Amino acid sequence: MADVVQYRLERMIPELDDLEKRGLFSKPEIREIVKKRRDFEYRLKRPHPIKEDYLRYIEYEKQLEALRKLRKKEIVRRLKENNRKWPFSLCDKTSIGRIQYIYGKLVSKYKGDLNLWFQYAEYCREQESRHTRQVLGEALSFHPNVPGLWIYAAAWEFEHNLNASAARALMLSGIRACPKSEILWIEYFRMELTFVNKLRARKIALGLDKISSLHEEEDDKTWREENSDLFMPLNGEKLDDEGTVENENNELETNADVIAIRELGYKMAYAILNKAIDAIPSSLRFRQLFVEMLDSLEVEKATILEDEICRTMLNDFSNDECCWDWLARRHLTKLQRGKQIGKEKAVAGLNKTIQHVYLQVYEDALKSVPSAKMYGYYAKFLQDLIDLDKSESVDGLHFIRKFVSNIEEVMTNLLKLYERAACSGCSNEDLAEQHVSFLLKVGDVDAARKLATKFCTGEFSKVVKLWALRMSLEIKSAMMKSETMSKADLHYLFELFKKTLMGMPVSDARDLWDMAMEFFSSQRDYFDRILDMLGQVISVGSGGREGATLACTALDWVLQNRGVQCAREMYNRLLALPGPSLDFYKHCITFESQLAAVGCKEAAQNMCTLYDSALKLYDQNIELWLDYCTEELKAGRSNAASSVYWRARKTLKDSSAFIEAFQSLQT
């Protein structure tokens, strides 16, 4: 080990001498560098070196190189002042090679760590090293099923190595290795369209084509500067001083050559699209991603490609409601971005186009897929158009809404849509709730109440949210008659609540119970009847955990509105029912504990009574025993706490956990 380390250090001597000779590091600093490197080398030569040793060594070398470059920059500045140049230096290349060597050792030992391969490749790319291609090739040989690695390698060839052919070959190899990878197909499609864009820029550079109408208001020079990345040479070609493309034989390309290659690029993109759809035929989102990607690129034939994608979507997903909704909203997105009609005709055509969207696309969708979900999408679109404050689904909706002059027509169409859904048997509980809520929003309370009554007495009689909406409307309607609610109205509302609450499980009707207790909290007689109903539900065992939670809520209502004594009477009545829950016992104990904390002696006694009563039913609950002991210790009754402790030890089948926890309480 020592011989190998010494050999490696001796090989660094020329570099270290050069660093000192150039004035980049002093002798003490050189000695410190040697010391640190020796330490790292010994760590790497251990029988089982760890990943962090390599990474720390790499980080140290990166920091050392950054310091060397900083000092070199200052020296070069001083040399320029004296009209001198920095001659070639050995240290300019050795540090990069050393870091690559350490990375190579690291990835050879941890071949399965993909993150290390990416770090290695990224470092080589940053240093513009020719070693990058080899690193990526090795990484792909060990990880051929990682789409991101194929994309990274192709992007490096395309953007940095300027080799479109190699990038295309890598993408094709990646697709053969991962034929079901959506991101690979998308990025391959993007790369080909980017290549076509570069060919278009090359045609402009040749002076064989005028700048497109998208840039008519800009002069040629400005557009070139803003899109300089598109004038990147490909496959070894270069630009002359005027920006004209030249090949290796200094022969200018002809207009026909550029057009032919560009057309070939479009055909390639079209072929990729068809192959991608064949490879992944069942993913709607996959095809939507193609369209969204086309939006991010300025491609001459983007509209043709988009129309082809939309055509395949209609052919393959004609029974998918999400597909129809996306296509309808797509019209608005295209409209806002100026891809469907010109800017001059935009204002005049907006009303007609929006009408086309919801009268043609959505209507066609309902003919193809007459389902509740499709009606829901249609209604959501119209609601978004009416209510912009809550609209988040369409980016261009705010742009479009200001051009819709007759919003009442949209509201009428929405109401008719809800009625059509109900008549066709495609309505569901969500659409029914939306229908009632919309009538309420437009101010027609009576119509909303009648419709809610119709739904609750019909096919949606077990839907809690519709019952809650109906009850709120009934209460609102009764309060609109007069400031003081009549006895007849109170009786009617109570009977309606009773019929609803007793016919539904507590777990489903929790919101209705809360509404009833809140509404009748000021009516003592009716509130007592609500409590009786709750007691009946709990006594037959249908309340479960939700019943216990409701009992806790009822206790809080009584305490808040009628005082402590009534609250005690109420919980004693509920605890007398068969099988009271542990949660309700704990709530009652907390209630008495809070009163005892402010000096109520009766509360302390009641709390102990509640603990004793709860432990008769739940005698194996260690937490309950510990809480009892804790309360006694907090009150300063150590003898009582000891008594509870010995009772627990006798009662619990396995008291070891309790004993350990109790001892921790005393320390």
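Helices are runs of at least four residues assigned H or I by DSSP, and they are numbered from the N terminus. The structure described here is a predicted model, in which local features need pLDDT of at least 70 and side-chain atom pairs count only at pLDDT 80 or more, whereas totals for chains, interfaces and linings use all residues. Residues are numbered from 1 along each chain as its sequence is written, and side-chain values use heavy atoms, with hydrogens and water left out.

Just after helix 19, Gly425 takes a positive phi of about 75°. Helix 19 itself comprises the 17 residues 407-423, which at 1.5 Å a residue should span 24 Å, and this agrees with the 25 Å that separates its end C-alpha atoms; the expected span is 1.5 Å times one less than the number of residues. A residue is called buried if its relative accessible area is under 20%, exposed if over 50%, and partly exposed in between, as computed with a 1.4 Å probe on protein chains only. By this criterion, the buried residues of helix 19 are Ile407, Val410, Leu414, Leu417, Tyr418 and Ala421. They cover an arc of only 95° around the axis, which puts them on the same side of helix 19, the arc being that of the directions from the helix axis to the C-beta atoms.

Arg168, in helix 9 (residues 164-177), is also buried, with a relative accessible area of 19%. When its neighbours within four places in sequence are left aside, Arg168 is in contact (heavy atoms within 4.5 Å) with Tyr188, Met191, Glu192, Phe195 and Met268.

Aromatic pairs were counted where the ring centres of Phe, Tyr or Trp (its six-membered ring) lie within 6.5 Å, with planes under 30 degrees apart classed as stacked, over 60 as edge-to-face and the rest as tilted. The count comes to 22 aromatic pairs. One of them joins Phe455 and Phe460 edge-to-face, at 5.7 Å centre to centre and with 70° between the planes; Phe455 is buried at 7% relative accessibility, and Phe460 is buried with a relative accessible area of 7%. Tyr571 and Phe591 likewise form an edge-to-face pair, with 6.0 Å from centre to centre and 75° between the planes. This pair links distant parts of the chain, with Tyr571 in helix 27 (residues 564-575) and Phe591 in helix 28 (residues 582-597), 20 residues apart, and both residues are buried.

Salt bridges, in which a side-chain nitrogen of Lys or Arg is within 4 Å of a carboxyl oxygen of Asp or Glu, number 43 in the structure. One of them is formed by the side chains of Arg37 and Glu61, at 2.9 Å from N to O. Arg37 lies in helix 3 (residues 27-44) and Glu61 in helix 4 (residues 51-81), so the pair ties together parts that are 24 residues apart in sequence. Arg37 is buried, with a relative accessible area of 1%, and Glu61 is buried with a relative accessible area of 1%. In another salt bridge, between Asp113 and Lys51, the closest N and O atoms are 2.6 Å apart. Asp113 lies in the loop between helix 5 (91-109) and helix 6 (114-126) and Lys51 in helix 4, so this pair ties together parts that are 62 residues apart in sequence. Lys51 is partly exposed, at 24% relative accessibility.

Note on methods
Helix = DSSP H or I, 4+ residues; strand = E, 2+ residues; numbered from the N terminus.
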